[in-house]
Amino acid sequence: MWIRNRTSHLRMDQDLGDEKEPQTVELEKDENANSGDAEPAFIGLRAVKVISWIIELVEVFIEQIWYYRGVYPSESFKKVRSFQLEVYTNIHPGVKEYLSNVSNKLLEMLKQGKFSRIFVAIYNPEDENTEPIDVVGIREESYAISFTDSIIFDYLRQNCPVQFDSSFNEQRLYASIQSFLYSVISELTRLQKFTDFIPDFRLFVSADKESFGEFVANPDWILESTDQDEETQPGNGLGDSRVRVFKEVNLGYLSIKGYAASGHVSGERERD
């Protein structure tokens, strides 16, 4: 089942106070660890560390799409460092709150082993006066991270203690996520910017049947498609015409795949 975040786009009306240029801050996105260019201090890997790094990766993934695809104005971002790479994070309070709310929900799913995929779809709204919640437009691109086939989620779903073997260590995981994030940035920087419209976006999360009720009860999320819909729409379930894997990392306990898709899908409307 695909669940979509209802408040997927926040208009800022270019109101950024005194901010005129992107700031550069030489610190990790997680300001409590691995600051600056110092080498991270690796310790024994625990499930809580894996979960925290997955959340950070997803947050950075979303924000790089916002920045490089022009969803929000560049002056609303500042440079920070995540996994020792220079990335962009949005400084607008409303956007920060929105991303924090999304991350908290994904964290709940991760801890239960119920989170598998997240898509960020980029739209041409067609009508600049259309409110984001009622987007009627053309999907230009989609980007996704998939964690399906990750053994760690099986342990978390069963609420079992996770004991990793020596091949799945903190240093290897850190380097693999760093490599994946580098590929994300490379994928986005090679694209031409949109010049004839300001893109909109939607977030899609793949939810299992057990967590479906939790999402439906939350007014910030709505059902986008069901398993039955996906049976009639093979592929990624989002209707994109060309889907490709741009990066894949398989560490046994954790599998990460990055997808990019292009293709125009028009006439998409809000479903009550």
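Modeller: Two strands pair if DSSP finds at least two bridges between them. Helices (H or I, at least four residues) and strands (E, at least two) are DSSP runs, numbered from the N terminus. This is a predicted model, in which local features need pLDDT of at least 70 and side-chain atom pairs count only at pLDDT 80 or more, while totals for chains, interfaces and linings use all residues. Residues are numbered from 1 along each chain as its sequence is written, and side-chain values use heavy atoms, with hydrogens and water left out.

Biologist: Which residue of β4 is the bridge partner of Ser82?

Modeller: Leu85 is that partner. Strand β3 (residues 77-82) and β4 run antiparallel and are joined by six bridges. The two strands form a hairpin with two residues between them, and Phe83 in the turn has a positive phi of about 50°.

Biologist: Why is strand β4 described as largely enclosed?

Modeller: The term to apply is buried, meaning under 20% relative accessible area; exposed is over 50%, and partly exposed lies in between (1.4 Å probe, protein chains only). Strand β4 (residues 85-90) has five of its six residues buried, so the rest of the structure largely encloses it. For the protein, 50% of the 272 residues count as buried.

Biologist: How many residues of strand β7 are buried?

Modeller: Seven of the seven residues of β7 (residues 200-206) are buried, so this strand too is largely enclosed by the rest of the structure. Both faces are covered: Asp200, Arg202, Phe204 and Ser206 are buried on one side, and Phe201, Leu203 and Val205 on the other. Strand β5 (residues 117-124) pairs with β7 in the antiparallel sense over six bridges, and Tyr123 stands opposite Asp200.

Biologist: How is the length of a helix checked, and what does α1 show?

Modeller: The expected span is 1.5 Å times one less than the number of residues. Helix α1 (residues 47-68) has 22 residues and should therefore span 32 Å; its end C-alpha atoms are 32 Å apart, which agrees. Of these 22 residues, 19 are buried. Just after α1, Gly70 takes a positive phi of about 75°.

Biologist: Which residues does Leu188 contact, apart from its neighbours within four places in sequence?

Modeller: Contact means heavy atoms within 4.5 Å. By this criterion, Leu188 touches Gln64, Ile65, Tyr68, Arg69 and Tyr143. Leu188 is found in helix α4 (residues 170-189) and is buried, with a relative accessible area of 3%. The C-alpha atoms of Leu188 and Tyr68 are separated by 6.2 Å, although the two residues are 120 apart along the chain.

Biologist: How many aromatic pairs are counted?

Modeller: Rings of Phe, Tyr and Trp (its six-membered ring) pair if their centres lie within 6.5 Å; planes under 30 degrees apart count as stacked, over 60 as edge-to-face and the rest as tilted. By this rule there are 19 aromatic pairs. One of them is the edge-to-face pair of Trp66 and Tyr72, at 5.2 Å centre to centre with 80° between the planes. Trp66 is buried at 0% relative accessibility, and Tyr72 is buried at 3%. Trp66, Tyr72, Tyr98 and Phe201 form one aromatic cluster.

Biologist: Which ring has the charged end of Arg69 over it?

Modeller: A charge sits over a ring if NZ of Lys or CZ of Arg is within 6 Å of the ring centre and within 35 degrees of the ring normal. The charged end of Arg69 sits over the ring of Phe194, 4.5 Å from its centre. Lys193 lies over the face of Tyr67, at 5.9 Å from the ring centre.
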